[in-house]
Amino acid sequence: MKTDNQTMDRAIPVGVQRKRRMVRYGKYAAIVAVVMGVAVWLGTLMMSSVDKKSLITSQVDRGTIDVSIIATGKVVPAFEEVIISPISAQILEVYAHSGDTVDVGTPLLRLDLQSAQTDYSKALDEQEIRRQQMVQLTTNTETQLSDRRMQLEVEEMKIGQLEAQLRNEQYLDSLGSGTKDRVHQAEITLRTAQMQLKQLKQQYENEVRVRKADLRMKQLQDGIADKSLEETRRTLDGANIRSPRKATLTYISNEIGSIVGSGSKVAVISDLTHFKVDCSIADTYSDRVMAGGRVLVKIGKERLFGTINTVTPLSQDGVITFTVLMDNPSHPKLRSGLKAEVFVITSIKEDVLRIRNGSYYTGAGNYTLFIYKDEHTLVPRTIQLGDCNYDYVEVISGLEEGDSVVVNDMQRYKGKEKIRINE
């Protein structure tokens, strides 16, 4: 028994104890390694990923930017004319249809002009009456003034006789054969006749002025009536609705029997071989949109250039409008009604950092975009962007030349610190 107790109380050799500790530490290390591996594996699984093929990237470089502001545009015919009805009448016949090509003078539709023609004929008769009245008034005026002139001539002859009588009385008085009373009476008679002549002359001059005024008033009244009649004639001519030029008929009132009012639209003709662009932009840019400014118009992938022709001076609902005349108004990509992106070029910046323009850009300011950390990882970075044009956006800070930036929509990765790139 004693031998067994001695054996059990024998000390374990140091080498054995060390070996046992090494085994125990190895187990702990293996457990830690497994835990760390699992953590890394789970982290990898939880990291967001994106297919490389879906990324649109732009490399930061240096170059020139034609600074521009973005407007919206709509392609419209370069020429369009609205034809209105000059009178209120019923549509009797329609000769053309929307889409037809019409020449100058081509009949478009016929209106019922019977009532208007009757009124015109009546006005012609009234015009002839006025002409006859004018002849009559002129004749009467000439006759009456002629009578007045005859009276003046008679009075002048009478005064001549009285002057001769006065001289005779004065002569006789000088010879002693006459009397002072007879001379005095002759002088009174002469002065009375002279006063009567002066009165007649004044009456004649007054009557001439009155007659001239009457004639002038009559001429003005007749002139107004004649102009009104001429306007009626033009109205009747215009009521035979015809095309004023060679173009395409884009609209016509084709309901036979319907009544069209005076001044209402009955047809529209357009030149569908030449086009312009009607544009609109926020009125905050009104000081940067001026007639003569250059513009780039994007229709799909096509880039066309033009010049601002007119700018509407007033803002409506926070928007101003302007019209762009195209350098090539008959370009095959131009079609009436097409929507277009319009870039109004305002200045030029040279030797600036820039990246490709895209849907991410909504104006100057700060943005969070993803850049390539390496070929397998994307990381977010806050950058400051400035002006833009149709191709590039100015980089003010946050990027360096040579950086690769993702420029397509990455909103669903907002807040992610890393994104794995799948090949």
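Predicted model: local features only at pLDDT ≥ 70, side-chain atom pairs only at ≥ 80, totals over all residues.

Modeller: Strand E13, residues 294-299, is largely enclosed by the rest of the structure, because five of its six residues are buried, and a residue is called buried when its relative accessible area is under 20%. E13 and E14 form a hairpin with two residues between the strands, where Gly300 takes a positive phi near 65°. Strand E16, residues 339-356, also runs antiparallel to E13, to which it is joined by four bridges, and here Val295 stands opposite Val344 of E16.

For another setting, we can turn to an open sheet of four strands, ordered E8-E7-E5-E10 with antiparallel pairing, in which strand E8 (240-242) and strand E10 (259-260) are the edge strands, each pairing on one side only. Strand E5, residues 89-94, pairs with E10 in the antiparallel sense over two bridges, and Gln90 stands opposite Ile259 in E10. The loop between strand E9 (247-252) and E10 holds Ser253, which counts as buried because its relative accessibility is 11%. The side chain of Ser253 makes a polar contact with the side chain of Tyr251, at 3.3 Å, and, leaving aside residues up to four places away in sequence, Ser253 touches Ile91, Val94, Leu109, Lys265 and Val266.

Technical notes:
Residues numbered from 1 in each chain as written. Heavy atoms only, no water. Pairing = 2+ DSSP bridges. Buried < 20%, exposed > 50% of the residue type's maximum accessible area, 1.4 Å probe, protein only. Polar contact = N/O pair within 3.5 Å; in protein donor to acceptor, adjacent residues only side chain to side chain. Contact = heavy atoms within 4.5 Å.
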